[in-house]
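The entries follow the order in which I looked.

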Amino acid sequence: MTAPSSAETTDTSNGHVRDASAIALKNLHKRFGRDAIALDGVDLDIHAGEFFTLLGPSGCGKTTLLRILAGLEAPNEGTLTIGGKQVTDTPPHLRSVNTVFQSYALFPHLSVRDNITFGLRMKGVPANERRRRVDEIADFIKLGALVERRVNQLSGGQRQRVALARALVCEPDVLLLDEPLSALDAGLRTQLQVELRRTQKRLGMTFVFVTHDQDEAMVMSDRIAVLDSGVIQQVGPPHEVYERPVNAFVARFMGHVNLFEIQAVEGARVSTALGSLTMERPLPADQQQGMLLIRQEVIELGPEVPEGYNALEGVVRERLYRGSRVEYRLEVNGILLMATASNLGQRLYPVGDRVTVSICPEDVVRLDA
Amino acid sequence: MRRGAFKRGLTLFWWLTIAFLYLPLAVIVFYSFNSANSAAHFAGFSLRWYDRLFHNDQLLGALSNSLVLGLASSIVALIIGTLIGYGMYRHRSRKLGWLIVLIYLPIVMPDIVFGISEMAFFVSIDRQFGVLGPSLATMIIAHVTFQIPFVALIVYSRFVGLDPTLFEAAKDLYASPYKRARHFLLPTLKPSLIAAFFLSFTLSVDDFVISFFTAGPENATLPIYIWGAIRRGVSPEINAIATLMIGAVMIAAVLSLLFNRQGRRQ
């Protein structure tokens with residue numbers, strides 16, 4: 001039940017692996033104007049060679065953080081170290097960092113090949129080596145004949161690949177990606193998520209990815225930082241952030257809905273509006289306030305209650321059939337509880353049915369309000 | 001049936017408009033090939049007026065003045081106007097609305113007011129410091145003044161139409177400020193710069209009023225020469241000059257259109 005949900009990739013066969021760079025952010029503050037605070041004291045360590053995601057709603061500061069990494073924005077306070085070098089005041093063209101922009105920002109006056117070559121040309125790489133490296137990256141990203149096209153002849157997905165190739169060909173210490181998939185339709189998006197993750201694993205490069213989509217973040221990342229109002233709320237691998245969110249904001253942002261305020265605590269028994277629930281172990285004295293989270297997919301429905309489980313009585317108020325799973329809106333003690341069941345061919349409960357809800361004590365999680 | 005009549009009416013209206021615009025020009029072109037010295041009856045086809053044209057030193061001098069003035073002022077205006085247009089774009093967040101109004105002002109100012117002011121200005125400077133007496137230099141300065149807003153606005157609107165992240169992408173891809181100008185800004189602007197140059201050049205060659213007030217005795221441009229010649233009576237020679245000018249303007253207009261379209265296609 002606690003298996004990592006991100007895609008496991010074991011492909012390290014390619015020879016592109018290089019020394020990756022770690023990033024250290026210390027006490028970063030960024031204000032726009034007098035009172036718009038974008039970052040309010042961010043401390044963060046991003047490991048070398050990891051796929052790191054900054055996740056949060058719009059306006060949470062994730063894009064500002066990425067722009068500070070790129071050098072496109074300067075922090076008001078704090079320091080930034082990339083690969084052991086202090087780069088807080090280094091202008092973007094002197095940083096070994098490249099960005100895949102949300103709008104892709106391909107130069108309209110240049111062909112695809114000239115776009116990809118741009119960074120190498122600016123760096124002063126000799127022409128024959130430029131050609132070799134562009135061919136190599138075009139092969140790696142599988143651009144094929146696209147290389148000889150004009151930018152305005154490309155589709156959204158193709159532009160995304162060209163933008164990626166243009167950044168990767170420079171072999172930066174860190175690759176930054178600013179919601180590069182948000183403009184694409186769902187199918188292509190899923191495909192490119194997997195491709196992007198594979199590419200990162202093969203190159204062993206440090207990737208910092210920005211998104212507001214928690215599913216995308218979980219599929220792709222080694223670790224996720226959840227941001228809100230310019231403050232990092234939680235940093236951890238996808239399964240930790242999803243299964244053990246530290247507070248209500250992170251829980252709601254990760255898609256959880258079953259959150260109940262703690263009313264009273266008696267050893268391992270905790271009272272909420274939903275009813276009294278037994279937890280795996282008693283809550284320490286300093287954690288007896290806050291909320292309980294019950295993920296909708298851990299809730300079991302059925303007449304039998306497994307040994308040691310919490311049992312509650314509920315009524316089905318609504319049923320949403322989603323093919324691979326079925327979602328129930330249940331009413332328990334006058335409170336709404338969402339439950340998701342995998343569609344394994346079992347009997348579906350009709351609306352109005354009385355059901356017994358079973359919850360394993362291990363799956364009752366306490367978090368801050 | 002009624003729709004058909006309406007459509008025919010519209011077609012007729014279209015051709016009337018075209019005739020209204022181009023018939024006077026056609027008359028001039030037609031009589032420029034007249035073998036007789038008359039604007040009333042056509043005696044036969046001849047190129048004699050064109051021949052005379054190319055042996056008229058005064059006219060050729062005026063033509064060369066016009067070209068030198070047009071080229072010099074357009075180049076200067078292109079440089080200054082491009083810098084202003086870029087500045088307006090770069091600092092567009094700083095509420096520069098008043099600056100844009102200021103830049104527009106010479107465009108809407110009547111030429112005669114503008115010309116007289118320039119003349120008065122140059123004359124007083126000449127009296128004080130003994131420089132900027134009426135000459136080619138004063139004409140170039142005056143022309144640059146009214147060309148700059150056009151260049152600045154063309155450049156500004158090109159920048160506004162660009163994805164702002166392109167500027168950041170250039171920085172991100174290791175381009176120093178100089179390399180950004182050379183490998184990103186200039187190539188991106190190229191079609192707009194060519195269009196702006198043609199427009200400035202046309203405005204300069206076309207101008208009569210401002211040139212008239214700022215020119216020295218040796219600096220008569222083509223329009224000034226034509227104006228002087230007409231006071232002595234319309235000759236078919238004038239028709240021939242006009243015909244050549246119509247041809248040149250049409251070529252410039254087509255080129256400007258092509259470059260503008262190329263700019264927009266990118």
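I began with chain B, where the centres of domain 1 and domain 2, taken over C-alpha atoms, are separated by 33 Å. The assignment gives chain B domain 1 as 1-30 and domain 2 as 48-265, and such bounds come from an automatic or database domain assignment.

Before going on I noted that this is a predicted model, in which local features need pLDDT of at least 70 and side-chain atom pairs count only at pLDDT 80 or more, while totals for chains, interfaces and linings use all residues. Residues are numbered from 1 along each chain as its sequence is written, and chains are lettered from A and ligands numbered from 1 in the order in which they are written.

Next I looked up the contact between the chains (two residues are in contact if their C-beta atoms, placed from the backbone, lie within 7 Å). I found 16 residues from chain A and 17 residues from chain B in it. On the side of chain A that touches chain B, α2(A) gives the most, with 4 residues, and this side divides into 9 nonpolar, 6 polar and 1 charged. For these classes, Ala, Val, Leu, Ile, Met, Phe, Trp, Tyr, Cys and Pro count as nonpolar, Asp, Glu, Lys and Arg as charged, and the others, Gly among them, as polar.

I then turned to an open sheet of 5 strands in chain A, with the order β16-β20-β17-β18-β19 and antiparallel pairing. Strands here are DSSP runs (E, at least two residues), and helices are runs of H or I, at least four residues, all numbered from the N terminus; two strands pair if DSSP finds at least two bridges between them. Which strands stand at the edges? They are β16 (300-301) and β19 (335-342) of chain A, and each has a single partner strand, so one side of each is left without a neighbour in the sheet. I also noted that β18 (residues 325-332) of chain A pairs with β19(A) over 8 bridges in the antiparallel sense, and that Tyr328(A) stands opposite Ala339(A) in β19(A).

My last entry concerns Tyr309(A), in the loop between β16 and β17 (310-321) of chain A. Leaving aside neighbours within four places in sequence, I found Tyr309(A) in contact with Ser358(A), Ile359(A) and Cys360(A).
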